[in-house]
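Student: I would like a close look at a single part of this model. Please keep the answer connected.

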Amino acid sequence: MTASSTRRTTAAQSRIAAVGAIAVAGALLLTGCGDQTKDKDSGSSETADSSAAPLADQLPAAIRDKGVIKVGSDIAYAPVEFKDDSGKTVGIDPDLADAMGKQLGVKFEFENGTFDTLLTGLRSKRYDIAMSAMTDTKDRQEGIDADTGKKVGEGVDFLDYFTAGVSIYTKQGDDQGIKTWDDLCGKKIVVQRNTVSNDLAKAQAEKCPAGKKLSIEAFDNDQQAQTRLRAGGADAGSSDFPVAAYAAKTSGGGKDFEVVGEQVEAAPYGIAIAKSNTELRDALKAALDAIIKNGEYDKIIAKWGVEAGAVKEATLNGGK
């Protein structure tokens, strides 16, 4: 998967200062750990009563009849989506899906997969949507491989529902003077493969002077990258700020990691929907607008301590 399939991507940084407030709210984040299996998740969103759902008639008939929206997700990205100790899928995305499901009279069934296969699964109709801290980008909207500039698919539509930036984190008490990406020259960083953290590391490696090479080790998921750093196999890691803050708050009882420096690349998370599935896209937008209006959205965002990333309205294809 190329940069067009990353969780984060280059965008205006106007919200970076605001999103930084998440660090204070990080203490509110709940504990839990990810699960790396790729089978159908045993936990789904709560079953909604279609007879009481005000927006049920806006769904495509096939989905309304099934009562299920299948969701492709990398369920190892706490606090956005992960599995709790009982194996239930929890986090920001599942909670938002539950609330939207009540509006639509369906349940959202999360299916676990590696992040870089989610859009392929969407194109093959294995999933109805992909919801996984996925960044809305022009390249992804248009089906362009960001590395080659070549078209690799028809692209997707995005329903934007959150904003977040990217952070660097280190072992607690051992930041080695790392505060910015430039400080990583001569160091080793661990990242999740095919994310903007991976892209930023590659870009930084090209800038580093001779004799101060930046070494990059990429993994299938963020949990593996954290494990490598925790074991002393790297100097730093990078991921979306809510994830980095959550790891710093919870890993090792809050003693393993610390977030260093400021966030970069503030941009929207979006729910990915096939461009041909306009009826489902519009129904999801109506449901997201409804939970924003009735206050359920704000309650969920506050529950996970990430209020600074909240949006005021549902936006289609707002990524750059």
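Is glutamine 141 buried or exposed, and at what relative accessibility?

Tutor: This is a predicted model. Glutamine 141 has a relative accessibility of 7%. The cut-off for buried is under 20%, so glutamine 141 counts as buried. The residue belongs to helix α6, which covers residues 138-142. Beyond its neighbours within four places in sequence, glutamine 141 touches Asp136, Glu154, Gly155, Val156 and Phe158, and also Lys275, Asn317, Gly318 and Gly319.

One of these contacts, Val156, leads on to β7, which runs over 156-171. The loop between β7 and β8 (188-192) holds cysteine 185. Cysteine 185 is joined to cysteine 208 by a disulfide, with an S to S distance of 2.1 Å. The search of the whole structure finds 1 disulfide. Its partner cysteine 208 sits in the loop between α7 (196-207) and β9 (215-219), so the pair, 23 residues apart, links distant parts of the chain. The torsion about the S-S bond is about -85 degrees, which makes the disulfide left-handed. Both ends are buried: cysteine 185 has a relative accessible area of 9%, and cysteine 208 one of 12%.

Helix α7 has 12 residues, which at 1.5 Å a residue should span 16 Å; the end C-alpha atoms are 17 Å apart, in agreement. Its buried residues include Val196, Leu200, Ala201 and Gln204. The buried residues of α7 pack against β7, β8 and β9, as well as β10 (236-240) and β11 (257-274).

Notes
Residues numbered from 1 in each chain as written. Predicted model: local features only at pLDDT ≥ 70, side-chain atom pairs only at ≥ 80, totals over all residues. Heavy atoms only, no water. Disulfide = S-S within 2.5 Å. Helix = DSSP H or I, 4+ residues; strand = E, 2+ residues; numbered from the N terminus. Buried < 20%, exposed > 50% of the residue type's maximum accessible area, 1.4 Å probe, protein only. Expected span 1.5 Å × (residues − 1). Contact = heavy atoms within 4.5 Å.
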